[in-house]
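Q: Please go through the labels given to this structure and say what each one rests on.

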Amino acid sequence: MTDTDIRALYGLKYNPFLPALPPEAFWMLPGVQSFTLRLKPMLAHGGFALITGEPGLGKSKTLQWIALQLTRMPDVMVGVMQRPQSQLADFYRELGELFAVSLTPLNRYGGFKSLRARWKAHCQSSLRRPVLLIDEAQETSAACLTELRLLQSACFDSESLLFTILCGDGRLPERFRSPELLPLGSRIRTRLQLTPLSPEQLQDYLTFALEQAGHAQLMTPELIRTLSAHALNNLRVLNHMAAELLTAAAERNLPHIDEALFLELFSPQESKPRRARPIKASLNDHLQPTPKPIDNFPVKQRQALLGSNLAKG
């Protein structure tokens, strides 16, 4: 069953558990609102900001929401890096494309001057720094991060020509403690560290997601509590489980999703009792037949056997 069929069956404006969400479907994680407020003054001064957290906690969606807010502001130039794992030459090429600067790979110093001139002109005309967003920044090489720090620094590091927001998992803060990246780590002015969500927060997320999608009663309250309690405090795990439940319910044409379907899909299967293996007969068992009990013989034969035994005794 396709996603279009699922949305038509339940009257959903979109699938609330898939990554492709409209802007109104973004749920505000704890701490994001205050972090965004702290970012606004940095548009005038530049520098570095950092978003970190374990996988599945909503870092990329948070960065996407921030990018949406920035693009809605006047005179803000936003560039989103698509390939953070590039080597230095490709790193320069992508920066040139993002900020509409023609760069020559063989003349890196010329590219360095052209990018800085482009950023300076924008700062003078709009009084706002250009913004660079790098998701999965833990994959960016130390050489590229160091080049970026030097590239946006001017006037003996008293002025920053660019505002960069780095987003990555727990490896990124550890890298900034290394000697080669410590100068950049010490320049990060604003930080947001996402932490695992409580079951109550996950319940709020599910309720919000269903309401925004147009079907608040799609899941029973009991199922919402059960899902939130078994999602390992992780948004990605919660969405994967909810999407699987939604697909299974649509295939069975269920009017809503309840705990019974959850138990059927995610409860561990009871192990069946193993059959006892038949004991193989040994070679002596075949050679020596088992004697029959005396009670199974005819009466006369039994009396004769008893008489012979008595005579022997």
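Q: What places Asn 234 in a loop?
A: Asn 234 is found between helix H11 (221-229) and H12. Helices (H or I, at least four residues) and strands (E, at least two) are DSSP runs, numbered from the N terminus. This is a predicted model, in which local features need pLDDT of at least 70 and side-chain atom pairs count only at pLDDT 80 or more, while totals for chains, interfaces and linings use all residues. Residues are numbered from 1 along each chain as its sequence is written, and side-chain values use heavy atoms, with hydrogens and water left out.

Q: Why is Asn 234 called buried?
A: Buried means under 20% relative accessible area, exposed over 50%, and partly exposed in between (1.4 Å probe, protein chains only). Asn 234 has a relative accessible area of 12%, so Asn 234 is buried.

Q: Which residues is Asn 234 in contact with, leaving aside its neighbours within four places in sequence?
A: They are Pro 55, Gly 56, Leu 57 and Leu 202. Contact means heavy atoms within 4.5 Å.

Q: Is Pro 19 buried or exposed?
A: The relative accessible area of Pro 19 is 62%, so Pro 19 is exposed. Pro 19 is found in the loop between H1 and H2. Its C-alpha lies 8.7 Å from that of Lys 61, and the two are 42 residues apart in sequence.

Q: What makes Trp 27 and Tyr 205 an edge-to-face pair?
A: Rings of Phe, Tyr and Trp (its six-membered ring) pair if their centres lie within 6.5 Å; planes under 30 degrees apart count as stacked, over 60 as edge-to-face and the rest as tilted. The structure holds 3 aromatic pairs. In this one the ring centres are 5.5 Å apart and the planes are at 65°, so the pair is edge-to-face.

Q: Which parts of the chain does the pair of Trp 27 and Tyr 205 link?
A: Trp 27 is in the loop between helix H1 (3-10) and helix H2 (32-39), and Tyr 205 is in helix H10 (residues 199-213), 178 residues apart. Leaving aside neighbours within four places in sequence, Trp 27 is in contact with Leu 197, Gln 201, Asp 204, Tyr 205 and Phe 208. Tyr 205 has a relative accessible area of 7%, so Tyr 205 is buried.

Q: Why are Phe 99 and Trp 119 called edge-to-face?
A: Their ring centres are 5.6 Å apart and their planes are at 85°, so this pair is edge-to-face. Phe 99 lies in the loop between helix H5 (88-98) and helix H6 (108-126), and Trp 119 lies in helix H6, so the pair ties together parts that are 20 residues apart in sequence. Phe 99 is buried at a relative accessible area of 1%, and Trp 119 counts as buried at 0%.

Q: Why are H10 and H12 called oblique to each other?
A: Angles under 35 degrees count as roughly parallel, over 145 as roughly antiparallel, 65 to 115 as roughly perpendicular and the rest as oblique. H10 and helix H12 (residues 235-251) pack at an angle of about 50°, with their axes 11 Å apart. H10 and H12 are therefore oblique.

Q: Which residues of H10 and H12 meet?
A: Leu 202, Tyr 205 and Leu 206 in H10 meet Leu 235, Leu 238 and Asn 239 in H12.

Conventions
Axes are lines fitted to C-alpha atoms, for helices over the stretch in contact, and angles run from 0 to 180 degrees between N-to-C directions.
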